[in-house]
Amino acid sequence: MKPVDVVAIGAHPDDVELWAGGTICSLTARGHRVTIIDLTEGELGSRGTVETRREEAANAAEILGVTERANLCLPDGDIRDTAENRLRLIKLLRGFAPKVVLVGAPECRHPDHTAATALSISAIYFAGLRRIETTGVDGAGQLPHRPDHVLHYMQAIPFTPTFSVDVSEYWDQRLRAMRAFRTQFFHPDNEPGSGEPETYVSNPAFFEWMEARAKSFGYPVGAKFAEPFLYRNGPVGVDDLMTVLSKARDFK
């Protein structure tokens, strides 16, 4: 593991692509090193298999341009904020030593998403305590590390965002990364009659809703598409106000 700029954590392979994929594309396009950590292999998913999901996750990571993708292999449907699970995630956070961590929403319709956020927030805090000792993959002791910034990406339940990231330039790339998960999401090239059940995210209407929501968050900030984030542990520290406010609005 090498230090990166951003770590994005999701409960299942495809969560990060689904809710923050455009932002990841915008970060990697600017040369930032990004790693995705999936907490489970999604073995309880109604569609596909663990093996197909691994392959799809690797393909999606390549499209996003991330530096690395790791999987903690926690049990799908049973993500718990325990000392053992925290320690496993702490080792990854210390190894990657990110400046920014993106985590799931504080509340979501899927219990795994809410549980993944709780585990992530605990691990992020405890990763900064020097009396919690861990070793890396090379057997050497790890230094404590806590990221400078933590942001929640929005999932199924909306919140009032702190930031809306303009992802208009990367929308098509984001869709390609999502559609790499052919067993999970609607793909126009999929053969009909696969025999697998329809799910919340597998029908064309879900893509239409996702696009409409991105437009609704984009319009107020002068973007065609935007992804909303909630900044954790605010306020946000600023030393260059004009850089932070550099994006112009189409209307005043």
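Is W209 buried, exposed or partly exposed?

Modeller: W209 is partly exposed, at a relative accessible area of 32%; buried means under 20%, exposed over 50% and partly exposed in between, with a 1.4 Å probe and protein chains only. This is a predicted model, in which local features need pLDDT of at least 70 and side-chain atom pairs count only at pLDDT 80 or more, while totals for chains, interfaces and linings use all residues. Residues are numbered from 1 along each chain as its sequence is written, and side-chain values use heavy atoms, leaving out hydrogens and water.

W209 belongs to a cluster in which ring pairs link W19, F206 and W209. Rings of Phe, Tyr and Trp (its six-membered ring) pair if their centres lie within 6.5 Å; planes under 30 degrees apart count as stacked, over 60 as edge-to-face and the rest as tilted. The structure holds 6 aromatic pairs. One of them joins W19 and F206 edge-to-face, 6.5 Å centre to centre with 85° between the planes. W19 is in helix α1 (residues 15-29) and F206 in helix α6 (residues 204-218), so this pair ties together parts 187 residues apart in sequence. Helices here are DSSP runs (H or I, at least four residues), numbered from the N terminus.

F206 is buried, with a relative accessible area of 4%. The ring centres of F206 and W209 are 5.6 Å apart and the planes meet at 40°, so that pair is tilted. F206 and W209 are 3 residues apart in helix α6, which means about one helical turn separates them. W19, at 5% relative accessibility, also counts as buried.

How values were computed
Helix = DSSP H or I, 4+ residues; strand = E, 2+ residues; numbered from the N terminus.
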